[in-house]
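The sequence and structure come before the text.

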Amino acid sequence: MRAVYVSGYTNNESTGIYQYQFDQTTGILSRKGLVAKSTNPSFFICRNNNLYTVNEVGQYKGDKTGYVSCYYRNKETGELSLANEQPSGGEDPCHLTCDATGNYVLVANYTGGSASVFPILNSGKPESKLGERVSYTKHIDLFPPSGGNPTRQEKPHVHSIDLDPIAQRYAFTNDLGCDLLATYRFDRHDNGKLTRQDTFEFPKGSGPRHLKFAPNNNNICYVLTELSNDVHMLELNFETGSFNQVQIVHALPDDFSGENLGSEIDITPNGKFLYASMRGYDAITIFKIDEYSGKLNLVGYQGTGGKHPRHFTFDPTGSFILVGNKDSDNIVVFKIDQETGLLNQVSSIDHVQPTCIQFWE
């Protein structure tokens, strides 16, 4: 059995972060219960023995900002104890990551159009917590909005932040409002300093949301655009921090004419398949990754058994994919065919507005 943590928005019946047990033989989730009260913990990560979450709100202690929280995990019970909170530096933080050394947390503020870096003090220990912000970049001071979609791209909207998978000397921010992927030099030896390095521009109206580096080819990453529903294959130059576009593939069927928003993108642990979740079409789009070129070939589409599949994750073995359907309040588990990448539903469980699902490894 493996521990799984699930969070979401708390404007309905949910009150924070919940723990489940996952049977890796049957693919069945069993709910253990609430392990931490938290406000709008829409995305979180687990590192060492800590959980770090964004709290996606527009105000915190009277200031125009969201906040981030650090929790320490009880290894016996799985319950979480709040260590501390820090203002995120912008409204509605929606994504965060941690460097490989466990010394920094980097946060993307969606409405604030900014990114922040926080040091981790005493990482992995019961007394660990987030220090005060040490670095900050505000896209509104650097990049104009694209305006391709007037209602969604009226100003910068930083939707995610990631680090390069090799040396972690670069940080990347996807800005949905500016249609760009910004590269920053990330200096772990200089207090987590972010220095602007380069930008990659997407077609106007694309709305880049999330990216994923290929586990078998670390200079290749794939970016899912929320508004145009495309996957862009990009090649990173590690010397300059710049990206070169290799391929663009559309993630919806040609005959689909409804409204859709691309959401999550991830690659199976074996590096063979890429999945992208589609909100509106309510399906997972399945691509096979060419083992030599890294290019994507469409395999097919799998309905998610619910509405608005905002997030999904793989179990550590890569045998199952767990999909959180936010608007139908359920988590659906699929078995992955290791040869074809096709999915077969094996179980489903109710959960109010799931927006993030993570295994504790």
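The model is predicted, so local features need pLDDT of at least 70 and side-chain atom pairs count only at pLDDT 80 or more, while totals for chains, interfaces and linings use all residues. Residues are numbered from 1 along each chain as its sequence is written, and side-chain values use heavy atoms, with hydrogens and water left out.

**The sheet E4 to E7**

Strands here are DSSP runs of E with at least two residues, numbered from the N terminus, and two strands pair if DSSP finds at least two bridges between them. Four strands in the order E4-E5-E6-E7 make an open sheet with antiparallel pairing. Strand E4 (44–47) and strand E7 (80–87) are at the edges with a single partner strand each, so one side of each has no neighbour in the sheet. On average, neighbouring strands of this sheet are turned by 20 degrees against each other, direction ignored; the angles are taken between axes, which are lines fitted to C-alpha atoms, on a scale from 0 to 180 degrees between N-to-C directions. Four bridges hold the antiparallel pair of E4 and strand E5 (residues 50–55). In this pair, Arg47 is opposite Asn50 in E5.

Strand E27 (residues 330–336) has six of its seven residues buried, so E27 is largely enclosed by the rest of the structure; buried means under 20% relative accessible area, with a 1.4 Å probe and protein chains only. E27 is joined to strand E26 (residues 320–325) by six bridges in an antiparallel run, and to strand E28 (residues 343–350) by seven bridges, also antiparallel. Val332 of E27 is the bridge partner of Val323, and Val332 also stands opposite Ser348 in E28. The E26–E27 hairpin has four residues between its strands, and Asp329 in the turn has a positive phi of about 55 degrees. In the E27–E28 hairpin six residues lie between the strands, and Gly341 in the turn has a positive phi of about 85 degrees.

**Pockets and cavity**

On a 1 Å grid over the protein atoms alone, a cavity is a set of points where a 1.4 Å probe fits but cannot get out, and a pocket is an open set with protein on both sides within 12 Å along at least five of seven lines; lining residues have an atom within 4 Å of a point. A volume is the space filled by probe spheres set on the points.

| Space | Volume |
|---|---|
| Largest pocket | about 1,100 Å³ |
| Second largest pocket | about 160 Å³ |
| Largest cavity | about 80 Å³ |

The largest pocket is lined by 37 residues, and Arg47, Asp162, Lys212, Asp266 and Gln358 are the closest to its centre. Elements that give two or more residues to this lining include E4, strand E13 (158–163) and strand E29 (354–359). The second largest pocket has 13 lining residues, with Tyr110, Arg152, His159, Arg209 and Glu226 nearest its centre.

One cavity of 30 Å³ or more is found in the whole structure. Its lining includes His159, Arg209, Arg310, His311 and Thr355.

Thr355 belongs to strand E29 and is buried, with a relative accessible area of 2%. Contact means heavy atoms within 4.5 Å. Leaving aside residues up to four places away in sequence, Thr355 touches Ser7, Gly8, Tyr9, Pro41, Ser42, Arg310, His311 and Lys326.

Technical notes:
Buried means under 20% relative accessible area, exposed over 50%, partly exposed in between (1.4 Å probe, protein chains only).
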